Structure formats: structure tokens, C-alpha cells
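Trainee: I would like to learn how to read charged pairs in a model like this. Could you take me through some?

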Amino acid sequence: MDYIGQKAKQKSTCNYVSYNNNSKTIVKIANKEILYSLYVLALAGRGDISTSNYYKSNLYLVTNDSRYLLAGAFALMGKWNSYGELLPKQYLPEKTETLTGGDFDSEIRANAIILNVMLEVDKSNKQIPIMVKYLSSKLDQVYSTQENAFVFLALGKAARLKGNSDLKVEILAGGKKLTEYNNSELVYSSSKLNDKELLLKAKGTGEVYYFWTKSGVKKSGKIKEFDNSLKVRRTYYNFITKSEMGNKFKQGDLIVCKISLSGGMQSVDNVVISDLIPAGFEIENPRYSVLAGANWNVANPMKVQYLDVRDDRIILFTNVLAGSITEYSYLLRVVNKGKFGLAPISGESMYNGAYRSVNGANVIYVTEM
């Protein structure tokens, strides 16, 4: 709390990008972390009245969503007159740029924070139903952990207002009952649906949300490949001859897998690259500096923020600069002969689903030495 209090007093600023009717605006604002910090301090009973008054007097530095935070801070400090002066007269969704780093700002996250503040300090405010409706309409666009966290926090508080529920929901597949929701959290996982029609039958009063997630590999093997503001590619080379290899290998081959990540018009932070290897290959520990010592001219084959090595894949966490190309390399060993599916390599921003790339699905053949 002492640290948050110190940061809140720094009065730092940044450029803020917002959108209205397809028009882009860039203005200088107080860092959003400051206004959020003032709200957290007030929530903990350690409100900073002087700094809060500074931003109340300099509202040109405060965005619409941060204005709700500042108003909430005053309310939590018992300054209801200031709360009333600061609170916008009507709710207009904040249309901000989605950031992949920094404070991880986004339109959904900003509006979820607004709703969370209102449900904390003014539960009967007439703006709340409009906020809930707006956020609920955006649920299929919630991608990042930041958005998930604040949406669940806000909508969870909204759901708590409807606490006296006697709602029961039967879940049926193909006309047969699988399980039943009875006013407590239910997680049902089943591999026996077999494309049967799923039916939910509700009785009683109340309101609940349901989510259905499904994952797997398409039987057809056909995977859509695309590049959206990112470009990730994978190439195999023979470790000894340094020649590029296609889709035919021999048992015992030592292979260099080179991954290239290209940035688009905008730099992107927190990019995750997932490279699934064929079942006939094994990963040689990429933390060893074998490549650098073998005249491969790769100074830092895995200079990334974080590296996750698993049995069937390697996962890289990194950033990419606009217009740049970064390469990463690691070693693979061919161990089994046969015909194997090669899954595509993918790259995507963890905090903005618009930045994605999928490429390189294939079939490979491994013969005896």
C-alpha cells in the first residue's frame, strides 16, 4: 500500500488513443494506473485526498473511465459532493485502443472497471443496467486475462444483486438428461456428446450465465492459415549440411528448426509462439548453446522473455517491433520412421486477439537411415 501511495503521487502522463465515430484522437493524460491507485487506496481506507483533489482540478488529464475511478475514490472517502460533481451524467462506453503491454488497456477492460466501481459505491445508480447490457453484449470479444478478470469481477457483483434465485436448469443431450444446475457453480465435462443436440431447460426465477468451450483437432486435417498484423514462419535445416529440408527426413537426422517472427505496422508486446513438433521428432534441450558453438551464426538462438519446453511442443514468449524480423532456432532429433502430421506454427498477442498468425501445416515422411 505504501508503494501504491508513492506511485499515485508521481503525476506521470502518457499519450492516450481513443476512438469516436471512426475518428481517432490522441491526447495527453495522467497514467491510468494513478487514478486506479487512488481508488484502491480509498478502498483500503487510506485515501489520498490531496492527490485526488489535484486531478479533480485538472480533469483534462482524466479519461472518462478514470473519472469514474476518481469519483469512486471520493465516495469511498465519504466526499459525496465531489462524487456527484465528478460522476458523468450519462454512461457512454469508453472506446480506447487495445494495448498489448504497459497497463494492458482495452475497451472491454475500461468499461468493466467502470461497472465494477459503480457496483462498489452506488449499487442503485440507473447507469448500471446500461453498463451490464453493454458488457454482456461484448462477451464473445473477451480475449485477454485482463479483460476476463475485470469482466468477471464486474458481472459477478452484478449477479450477486440477484442473490435470491431458485433457478434450476436441466442439461440434456439427445433428449437424455446429463446433469442439473441447482443455484451453485456447475462445471460439466463430457466426451460423450457425439454431436448430439444440447438442450437447456430452465425453471424458477433468476438469471445465470453459461459458457461452452470445445477444443481438438479437425479430422479433415485442414487448418486455415493466415497472417493478421503478425507473421510467423518455420523452416527446417540439416544441422550438418545447413541445407534447407522439405518434408522428407531420415531416422537419426539432427535438424535445426528456425522460427522467424515478423512485425507489422505496429509493435506488439507479449507475443506467444507455439510450435508443435511431429510425433516422430524429439526436442533437443534448446537451453544448451549447441547452435552458437557449431558455426551456425546464431548468437542467441532463444533470446526470449520465457521459454516453455514440453514433450510435444516448444512455446516462446517475446515481443516484436513494427517492421522487424526476429529469428529463433533450436534443435530437433528425428527418432521414429513413418508418416506424421505436422501441425502449423502459430503466433498471437496474449492481450489482443487481432494480432495472430498461423502457418505451416504439412505431412512429413521419415525413412530409415
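This is a predicted model: local features need pLDDT of at least 70, side-chain atom pairs count only at pLDDT 80 or more; totals for chains, interfaces and linings use all residues.

Trainee: Which residue does Glu-327 meet in a salt bridge?

Mentor: Here is the general idea: side chains of opposite charge can pair when their charged atoms come close. In this case the partner of Glu-327 is Lys-258, at 3.9 Å from N to O. The two link distant parts of the chain, 69 residues apart, with Glu-327 in strand S15 (residues 325-334) and Lys-258 in strand S10 (residues 254-263).

Trainee: Is Lys-258 buried or exposed?

Mentor: Lys-258 is buried, with a relative accessible area of 18%, because the cut-off for buried is under 20%.

Trainee: What parts does the pair of Lys-95 and Glu-107 tie together?

Mentor: Lys-95 and Glu-107 form a salt bridge whose closest N and O atoms are 3.6 Å apart. Lys-95 sits in the loop between helix H5 (80-86) and helix H6 (107-121), while Glu-107 belongs to helix H6, so the pair joins parts 12 residues apart in sequence. Lys-95 itself is partly exposed, at 34% relative accessible area.

Trainee: How do the side chains of Asp-227 and Arg-233 meet?

Mentor: In a salt bridge, with 2.7 Å from N to O. Asp-227 is partly exposed at 36%, and Arg-233 also counts as partly exposed, at 23%.

Trainee: Which residues are joined into one network by shared partners?

Mentor: Lys-32, Asp-65 and Asp-105 are, through salt bridges that share partners.

Trainee: And how many salt bridges does the count come to?

Mentor: The count is 18 salt bridges.

How values were computed. Residues are numbered from 1 along each chain as its sequence is written. Side-chain values use heavy atoms; hydrogens and water are left out. A salt bridge is a side-chain nitrogen of Lys or Arg within 4 Å of a carboxyl oxygen of Asp or Glu. Helices (H or I, at least four residues) and strands (E, at least two) are DSSP runs, numbered from the N terminus. Buried means under 20% relative accessible area, exposed over 50%, partly exposed in between (1.4 Å probe, protein chains only).
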